[in-house]
Amino acid sequence: MGNLPHFQLFIDGAWTEGSASQVMTSENPATGQGWATFACASPVDVERAIAAAKRGLDDPEWRDMTQTQRGKLLYRLADLVAENAARLGELETTDSGKLLAETSAQTGYVADYYRYYAGLADKVEGTVLPIDKPDMHVFTSREPIGVVAAIVPWNAQMFLTATKLGPALAAGCSVVLKASEIAPAPMLEFAKLIEQAGFPPGVVSVITGDAENCAIPLTRHPDVDRIAFTGGPETARHVVRNSAENFAVTSLELGGKSPILVFDDADLDGAANGLIAGNFGASGQSCVAGTRGLVHRSILGPLVERIAEKASAIRLGDPLQPETHVGPLCTAAQVHKIEDTLGKARGQGATIHFGGKAADRPGNYMNPTLVECASPETETLKIEMFGPVMSLLPFDTEEEAIALANSTPYGLGSGVFTQNLARAHRVSKRIRAGICWVNTYRAISPIAPFGGFNQSGYGREAGVEAILDYTRTKTTWISTAQEPMANPFIMR
């Protein structure tokens, strides 16, 4: 264990061990063996990070930096991310089990998120109001919201960091970034790029640790002004309760059971690829996984055959190898949850067309699985399993498909496959979800807002509106009257 790589916390511009000397071991999901250790933050360390962020917010070096200068720092960070994409991707793959082909490419693309917000940094404008008083000049300006607690899960962590850190820094905030204690290595390595880019000490700290010692004291701290959280609904409920202690503005990007609707006129190859991308891509470990495939009854059989044919060529294996399509799941608990859920689905009359069990090899591997469900109550249509399990359910009419799509407490992603343009517009409008992909799936861009409805959370990440969420509006009134202010007992 002593020879394993070790990652420290980054607090107030310095690398440090946790004050309580707590150290955790990170396992490689492909082998089930510990591969690295990392320091964990205690409440004392959280206090230090927040104090540094509060001080950094008021430090003239950051406070008085022009918006254009902030943008240039973000451009520098973007270049560093792009230059180090392969290294960060390899760390993320080793730590979380996600495919190297995806982690390195995604990290390279993440650089564009920082460039996007670098460009927006000096585009945040106020307005002059056409006020209804002739002797007043009134204008608004947008100021940084303050200290941000950004909480990022282990899956897609470089992407989910950029959607928070990019707009927060462009707006002039300071940030305490909390990495998941499951697979935090790439985030702690990323902190080196923050340091190298030249952000003033305290403006960004990167920590990790368990809920009691790190997440709880962070989200309830009185000096935290905004919480940006991505994770599960149960943890989100705790975050919201904690925010009652500081009234921090909170955004939540949570999970989902996203529907993919396939109509009888859909291109079968395109639909099969969309369903595979939405379920087996990233080994199913995606918050927008399209785990409820709703298929017109007339094409269900042919579509199952097409999916099975394509799935037979899927290579399960080492996520570091370029020929691998599906790697291990991040934790063994995910495999156990999937097997338990599939067992219940079988008892409900579901048909397992292929897969259905863990792979017989070391590590947290689950075979890609296709489930044909007997009813909308089938367990696999209800539980977010975070693994390579596709569930299909037939429908007969457009109205039934829409009703099934909306029969969930979630509402993050959705997909529609049809060659009928009118239907595409009609159906996508009625699906209650924050994102709808038509004849494609799982596409992202820094230009496009990302977020959900209902129990998939609230607030948006990416896009122009995200940067505004990291600001507060100030209204300034200036009297232009020649006479001094008169009667103080009358509201103007």
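Predicted model: local features only at pLDDT ≥ 70, side-chain atom pairs only at ≥ 80, totals over all residues.
Next, select Ala-282, another residue other than glycine with a positive phi, here near 55 degrees. Ala-282 is placed in the loop between helix H10 (268–279) and strand S13 (292–296). Is Ala-282 buried or exposed? Ala-282 has a relative accessible area of 5%, so this residue is buried.

**The nonpolar cores**

Now turn to the largest nonpolar core, which has 61 residues. Select Leu-77, Tyr-114, Leu-169, Phe-190 and Phe-199, the members that touch the most other members. Then colour helix H6 (residues 157–171), which gives the most to this core, with 9 residues. In general, nonpolar side chains tend to be buried together in soluble globular proteins.

Centre the view on Phe-199. Apart from neighbours within four places in sequence, Phe-199 is in contact with Trp-62, Leu-73, Leu-74, Leu-77, Leu-169 and Ile-194.

**A buried glutamate**

Select Glu-189, which belongs to helix H7 (residues 185–197). Why does Glu-189 count as buried? The reason is its relative accessibility of 12%, because buried means under 20%. If residues up to four places away in sequence are not counted, Glu-189 touches Phe-7, Arg-87, Leu-88 and Leu-91.

**Cavities**

How many cavities of 30 Å³ or more does the structure hold? There are 3 of them. The largest cavity contains about 70 Å³ of space. To display its lining, select Gly-256, Lys-257, Gly-284, Ser-286, Cys-287, Ala-289, Thr-291, Glu-384, Met-385, Phe-386, Gly-387 and Val-389. By class, this lining consists of 5 nonpolar, 5 polar and 2 charged residues.

Move on to the second largest cavity, whose volume is about 50 Å³. It is lined by 14 residues, and those closest to its centre are Pro-259, Arg-292, Thr-408, Tyr-410 and Gly-411. The lining of the second largest cavity has 6 nonpolar, 5 polar and 3 charged residues.

**Cysteines**

How many disulfides does a search of the whole structure find? The search finds 0. Select Cys-214 together with Cys-40: the sulfur of Cys-40 is the nearest cysteine sulfur to Cys-214, at 8.2 Å, and Cys-214 is in no disulfide. With a relative accessible area of 0%, Cys-214 is buried.

Then select Cys-330 and Cys-287. The closest cysteine sulfur to that of Cys-330 lies in Cys-287, 15 Å away, which is too far for a bond. Cys-330 also counts as buried, at 8% relative accessibility.

**The last stop**

Finally, select Glu-483, in the segment after strand S20 (471–479). Is Glu-483 buried or exposed? Its relative accessible area is 54%, so Glu-483 is exposed.

Definitions and conventions. Residues numbered from 1 in each chain as written. Heavy atoms only, no water. Helix = DSSP H or I, 4+ residues; strand = E, 2+ residues; numbered from the N terminus. Buried < 20%, exposed > 50% of the residue type's maximum accessible area, 1.4 Å probe, protein only. Contact = heavy atoms within 4.5 Å. Core = buried A, V, L, I, M, F, W, Y, C linked by side-chain atoms within 4.5 Å. 1 Å grid on protein atoms, 1.4 Å probe; cavity = no way out; pocket = protein on both sides within 12 Å on 5 of 7 lines; lining within 4 Å. Points joined across faces, edges and corners; volume = space filled by probe spheres on them. Nonpolar A, V, L, I, M, F, W, Y, C, P; charged D, E, K, R; others polar. Disulfide = S-S within 2.5 Å.
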